[in-house]
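Welcome, and thanks for taking a look at this one with me. Below is a short briefing to read alongside the model.

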Amino acid sequence: MAGNSQEYISHHLTNLTYGKLPAGYVRHNEDGTTTELTSSTWTMAHGGEEAAAMGFNAVHVDSLGWSIGLGALIMFLFWRAARNATTGVPTGFQNFIEMVVEFIDNTVKEGFHGANKVVAPLSLTVFTWVFMMNFMDLIPVDVLPSIFAAFGVHYMKVVPSTDVNVTMGMALFVFALMIFYSIKIKGIGGFVGELTLHPFNVKNPIVQALFIPVNFFLESIALLAKPISLALRLFGNMYAGEMIFILIALMFSAGVGMALLGGVLQWAWAVFHILVITLQAFIFMMLTIVYLSMAHEDH
């Protein structure tokens with residue numbers, strides 16, 4: 001673990017990264033020695049500097065592992081609820097699952113104006129998956145990293161939604177669905193027409209032709225802004241929340257009085273953060289529904 005505050009914060013914000021270091025890279029070992037790589041080497045990064053040197057092809061193993069694991073947990077819980085479902089008096093767990101499904105179903109009916117059987121299951125998946133990834137932020141910041149450190153894994157970020165690669169990946173998937181359904185419902189001509197004939201649409205064909213580049217520029221920016229804002233909104237809120245938990249955790253090593261204050265602040269922020277993680281999951285799901293609804297609107 002890190003010694004001073006700066007190292008502590010940097011350590012907690014560094015992902016467990018796997019990638020390829022270039023030939024000639026000088027690695028700094030824990031014993032103070034250095035090793036120069038004679039060839040390009042796929043390896044785990046020993047810190048943020050090595051992770052940056054790995055470049056675009058680097059993989060955040062912890063973000064992928066936790067997101068896939070949480071997704072598998074969600075599928076298991078829903079499978080178990082469906083398997084044990086009864087027409088009689090439902091159990092508390094079955095009642096909770098039914099309440100969540102009904103809430104998502106009603107939200108989709110209110111926000112989606114089209115006919116598509118994919119949207120409701122997708123919305124349920126998005127909400128529950130994002131919520132579970134956000135929920136990991138409520139686990140004390142040192143618990144899981146300390147457990148993994150005992151097994152020789154010295155870097156471990158356990159909140160996938162604080163990794164912009166994860167949030168951007170989900171946003172790009174939603175964006176791909178938007179483009180797919182826009183072309184499927186409206187056709188290539190209709191989709192291109194939306195990008196070139198709006199927002200300035202005039203009856204004079206000569207004038208309209210002059211506005212096509214302007215329309216395309218404005219509509220392209222508006223279209224590309226959707227996945228970017230979708231990803232950065234979730235990432236920014238969760239990253240800020242994680243940072244506050246890390247700063248509060250620093251108080252536990254600053255004396256008994258500060259530790260007691262840190263405990264109160266951590267409890268208070270965790271209670272407030274329950275609202276944040278739920279709201280962010282709902283917003284991501286709601287925007288997904290709205291964007292897909294817009295893709296189904298044929299003018």
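## Overall fold

The protein chain holds 9 helices and 5 strands, where helices (H or I, at least four residues) and strands (E, at least two) are DSSP runs numbered from the N terminus. This is a predicted model, in which local features need pLDDT of at least 70 and side-chain atom pairs count only at pLDDT 80 or more, while totals for chains, interfaces and linings use all residues. Residues are numbered from 1 along each chain as its sequence is written, and side-chain values use heavy atoms, with hydrogens and water left out.

- Following the sequence, the elements come in the pattern α-β-β-β-β-α-β-α-α-α-α-α-α-α.
- Along the principal axes, the C-alpha atoms of the protein chain fill a box of roughly 75 × 65 × 40 Å.
- Of the 299 residues in the protein chain, 37% count as buried (under 20% relative accessible area, with exposed meaning over 50% and partly exposed in between, for a 1.4 Å probe and protein chains only).

- Helix α8 covers residues 205-250, and its 46 residues reach 65 Å from the first C-alpha to the last, close to the 68 Å expected at 1.5 Å a residue (the expected span is 1.5 Å times one less than the number of residues).
- Even so, α8 has a kink of about 40 degrees at F211, shortly before the proline P213; the bend at a residue is the angle between axes fitted to the seven residues ending there and the seven starting there.
- Although L260 and V214 are 46 residues apart along the chain, their C-alpha atoms are separated by 59 Å.

## A cis peptide bond

- The loop between α7 (164-196) and α8 contains P199.
- The peptide bond leading from H198 to P199 is cis, with omega near 5 degrees.
- For context, most peptide bonds are trans.

## The open sheet

- An open sheet is formed by 3 strands in the order β4-β1-β5, with antiparallel pairing; two strands pair if DSSP finds at least two bridges between them.
- β4 and β5 stand at the edges with a single partner strand each, so one side of each has no neighbour in the sheet.
- Strand β4 (residues 41-44) is joined to β1 by 4 bridges; here K20 has W42 as its bridge partner, and G19 stands opposite T43.
- Strand β1 (residues 17-21) is joined to strand β5 (residues 59-60) by 2 bridges, with T17 opposite H60.

## The cavity

- The count comes to 1 cavity of 30 Å³ or more, a cavity being a set of points on a 1 Å grid over the protein atoms alone where a 1.4 Å probe fits but cannot get out.
- The largest cavity has a volume of about 110 Å³, with grid points joined across faces, edges and corners and the volume taken as the space filled by probe spheres set on the points.
- It is lined by 13 residues, of which H12, V141, V158, V159 and E242 are the closest to its centre; lining residues have an atom within 4 Å of a point.
- By class, this lining has 9 nonpolar, 1 polar and 3 charged residues (Ala, Val, Leu, Ile, Met, Phe, Trp, Tyr, Cys and Pro count as nonpolar, Asp, Glu, Lys and Arg as charged, and the others, Gly among them, as polar).

Technical notes. 1 Å grid on protein atoms, 1.4 Å probe; cavity = no way out; pocket = protein on both sides within 12 Å on 5 of 7 lines; lining within 4 Å.
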